[in-house]
Structures are given as structure tokens and as C-alpha cells.
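Subject: Structure handover

Hello,

I am handing over the structure below, with notes on what turned up in it. Please have the view open as you read.

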Amino acid sequence: MPCDIAVIGLGVMGRNIALNLADQSHKVAVYNRSRGKVDLMLEEVTENQTVVAVDDLAELQQQLVAPRKVLLMLTAGAAVDSVIEQLLQALEPGDIIIDGGNSNFHDTQRRWEMLKQKGMLFVGAGISGGEEGARYGPSIMPGGDKAAWSLIKPLLQSIAAKTDDGEVCCQWVGEGGAGHYVKMIHNGIEYGDMQLIAESWSVMQAIGISEQRIADAFRQWNDGVLQSYLIEITADILQQKDDDGVLRVHRIVDSAGQKGTGRWTAIDSLELGAPLTLISEAVYARVLSSFKQQRSKAAQKLPIIREPFSGDLDNVLSSCHDALYASKIISYTQGFMQMRLAAAEYGWNLEYGNIALLWRAGCIIRSLFLTDIKQAFETDPALESLMMDDFFAEALQGAEDGWRAICTLGIQQAVPMPAMNAGLIFYDGYRTETLPANLLQAQRDYFGAHTYHRIDKVETESFHTHWTGDGSEEKVDG
Ligand code: 6PG
């Protein structure tokens, strides 16, 4: 009996996606390079599910209904290229390869172009939600060859997360590497959200708020505008203790790992000229955390001495809530700004309201807040910056005092809060009509004759001052 789809790569994500597909009555062929994982998975298959193990990729030709659909759930990088190479022998023009891993969008773009020439349809689908999401409903961000969409839509949408009002968190994102790009931005935002939560935790601890009160605050915040999966799991984490009563989190080495998607987001921001300051700081914070030995030495040589905090703890808690909310608005503002620049640069037609909806359920950054973002882009699809939407502008103004107070407290108490400060600095920079960049331009013109524009002349005209000569100014052509 031919299968509807094949899943290649049965790591945690692949196995769970395959089981999810089988739950939805799809017949699934599975392949893994080492047979052990296949056998392990087959043990989980129930009698209502149809899962067929394949020992050789060449078998897929017979095992799948044409046009064949093959979902790769592999570690990003060389493994994806190598399996695609093998699949070229097994598949035929018109067949569809979906890469469901965390591939770099540049690789996806390259593979899409290469496979197009061979008549194959390639889709790079970002999949978010971790193990649980993969098994019971992830957020899926497919992009690539649009001709594939109608053929894979029923399969992918059947396994995707649904919002409470029944919207499916799996919609076509765009051509080429667009799906993996949007997943990369999702992960960058995930880094930002996580870092902001960690910074809030850290400042609350530093001024002596009790562990229980902090855990309760996160739990309570999850009932309001901050409601999100990451706040929810943080509240859970902050309850978990070792047998001696010490919070488990205090026993975890404070050196953060990263697989690369956050770093790619920051790299791309520099290439595009996107001001992704908050997420980039979150990436650097992970990098700095990994210098554990050097930090330990520096902590001895340059110890931090904190004055006991004598202010009102309830005030700090409420300010912290506001600071977290406002910084989060900035992080998403920057993420969406970057997607807009990427769409122009890479030729995609991204629909920002739909992207917010894709992230509304199933994925790691799922939150209530995304409904407001969707609304903002529905009101104005051409919105350049979320900060300019009336709802978010008001939210930022309402949260500003608390936000500034928490950043100031962090600076006073020597609590490193790079992401939250980067957010506030961006907020101030973005709404400053005249930045000191006029002085930078003068300096550039002084030492390099790089020229400048004048505020009282049209932008097409350039000028140079003879700074070390008579101070005269000349109009420069071109
Ligand atoms: C998701 C996650 C997922 C994964 C990251 C973690 O959306 O399901 O983002 O992709 O957890 O690989 O990334 P780091 O190892 O870089 O933290």
C-alpha cells in the first residue's frame, strides 16, 4: 500500500512529526540512516497508524504515491545536501522534497534553485514547537516552490497547531528561502524573549526579592499581557527544587548553548542594515555566558559590591512587568522591521499579519501578544514599525516609567541587562528626531572628504567643508 509521505531522519523531531502524521491517518514511510531509531519508533506505532520502514532511499520510488512527498528532518548542514543528492536518484521530476529542519535560509535558497533546474519542487519549512509541538501540533512556516503548496497543504495543515478560534498555524510564507527565514526570525525573537525573562529574574534576585515571590510574579504575569509559553515554563522552572530545597536552576551551569539560528539572525541584520539591537544583545549575552572561566576570575579581581536595596519591592515587581512588556514590543518591532528589509532584499512578498498568526500557537514564542501584532498589521499592512501602531505606542508610553526605572536599577546595582537596555535605547533612538549623526558626518567629511547633505538643501546635493583650511564649503558633484 503506497504511502502519502516519507519522513527521513528519526531524531526527536522527526519521530514525533512522523507519529503526528500517522495520527492524522496519513500513511507514512520512515527512514533513518541507522536502523536502531527506526525500530525504536516502530515500537511506538499503534494499530490505527500506518508506518512503513524503508531500508534504502531507492525504495521510496515504489513506496510513495506520486507526486512523491519526502520530509527531511535532519540536522541542518551537510546531511541535508547529502540526502538530497541521494534522493535525486530515487525521485522524479514533479516530486517534492520538504526540508523541515532548522536550515540556514541561504542554503534553502541554493537548494531550491538547484532542484528547480532538475524539475523537482523544494520546500524549506520552518517547524517550531520542540518535541511536544512536533508530536501534537507545531507551528509550520513553509516556503520555496509555490507549485508544491496545494499538494502538501492538506498534509502539513493536518498536523499543525490550531489557535483557540480554529486558525491553522501553517500557511504559505513565500518563495525560495522565505520559510526558513521566517523561522530564523522566530528563533531570534525566541533568544530575545528568553534573555529578557532571564534579565528580569536576575534583577529581581539581585535586590533580594524572595524566590517564591519571583515565581509567583511570573505565574501572575502569565495571566495578563505577558501571557506566553516562555513565561509559563519559567514559572514552572522557578518552582523546581533539588532534594535539599535549593532551586534546580541554581545548580545548572550558567553557560548558554546555541545551535546557530540566533547568530544567523544577527548576522543577517548586519548584512541588511537592520537595527536588530535587542536580539543581537541576546546572542552576545549567550556568548559572554560561555566565557565561564574568565568570568569567574574577573569576579574575584573586580568584585561587584551591591548596596542593600531599600526601595519598595512591590514597585520593582510592577516595574519589572512593564519593562519586560515594553522590551518585548521593541524586540518584535525590530524582528518585523528586519523581515520587511529581507523581503525587499530577497524578493519575497511576506504577509506580516499572517506571520504573527503562524506564531500564535504551537511554537516556542507563542503568546497572546501575537494577536495584537496580527491586529496591527491588519489595520495597516504597510506598517513600518510596530511602535507606530496606536495600540503599541500607547502600551510603550504606559510602560515607559517602569521600564526606565528597571534599567536604571540594573545599572545602579551592576546587574547586566543588555537586552532590556538595548530595547530602551532603541526606543529613545527611534523617536529622536535629530541624532548626533550630524557630527559623525562632519567627522567623516573632516578626515575623509566623505561629504554630507545639508538640512536646508535637497538630499541629492552633497557638500564638503575645507575644515583645516578656510572653513569654506563647496558643493560636490555626484
Ligand atoms: C523551536 C526552537 C527550536 C530549538 C532551537 C534552540 O522553534 O522549536 O527554536 O528550533 O529549540 O534549536 O536553539 P538554540 O540551541 O540555538 O537555543
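A helix here is a DSSP run of H or I with at least four residues, and helices are numbered from the N terminus. The model is a predicted one.

Cavities

How many cavities of 30 Å³ or more does a search of the whole structure find? There are two.

The largest cavity holds about 70 Å³ of space. Asp-193, Leu-196, Ile-197, Leu-226, Ser-228, Leu-230, Ile-231, Leu-324 and Lys-328 form its lining. Three helices, H8 (178-206), H10 (229-237) and H14, each contribute at least two of the residues lining the largest cavity. H8 gives the most, with three residues. By type, the lining of the largest cavity is made up of six nonpolar residues, one polar and two charged.

The second largest cavity has a volume of about 30 Å³. Around it are Thr-333, Phe-336, Met-337, Arg-340, Phe-377, Leu-383, Glu-384, Ser-385 and Leu-386. Which helix supplies the largest share of the lining of the second largest cavity? H14 does, with four residues. Five of the lining residues of the second largest cavity are nonpolar, two are polar and two are charged.

A pocket

The second largest pocket has a volume of about 340 Å³. Its lining consists of Thr-434, Leu-435, Ala-437, Asn-438, Gln-441, Ala-442, Tyr-452, His-453, Arg-454, Ile-455, Asp-456 and Trp-467. Of these residues, six are nonpolar, four polar and two charged.

Helix H9 against helix H14

H14 (residues 313-346) also takes part in a helix crossing: its axis and that of H9 (residues 211-221) come within 11 Å and cross at roughly 45°. H9 and H14 are therefore oblique to each other. The crossing of H9 past H14 is right-handed. On the H9 side the contact involves Arg-213, Ala-217, Phe-218 and Trp-221, and on the H14 side Leu-313, Asp-314, Leu-317, Cys-320, His-321 and Leu-324. The residues of this contact comprise seven nonpolar, one polar and two charged.

Helix H8 against helix H18

The axes of H8 and H18 (residues 418-430) come within 8 Å and cross at roughly 110°. Angles from 65 to 115 degrees count as roughly perpendicular, so H8 is roughly perpendicular to H18. Gln-195, Leu-196, Glu-199 and Ser-200 of H8 touch Pro-418, Ala-419 and Met-420 of H18. In this contact, four residues are nonpolar, two polar and one charged.

Backbone details

Two loops are worth a look. In the loop between helix H3 (60-63) and strand S4 (69-72) lies Pro-67. Is the peptide bond from Ala-66 to Pro-67 cis or trans? The bond is cis, with omega near -10°.

The other residue is Ala-414, in the loop between helix H17 (390-412) and H18. Phi of Ala-414 is near 55°, which is a positive value in a residue other than glycine.

Those are the notes for now.

Regards

How values were computed: Residues numbered from 1 in each chain as written. Predicted model: local features only at pLDDT ≥ 70, side-chain atom pairs only at ≥ 80, totals over all residues. Heavy atoms only, no water. Axes fitted to C-alpha atoms, helices over the stretch in contact; angles between N-to-C directions. Parallel < 35°, antiparallel > 145°, perpendicular 65-115°, else oblique. Left-handed = near helix turned anticlockwise from the far one by under 90°. Contact = heavy atoms within 4.5 Å. Nonpolar A, V, L, I, M, F, W, Y, C, P; charged D, E, K, R; others polar. 1 Å grid on protein atoms, 1.4 Å probe; cavity = no way out; pocket = protein on both sides within 12 Å on 5 of 7 lines; lining within 4 Å. Points joined across faces, edges and corners; volume = space filled by probe spheres on them.
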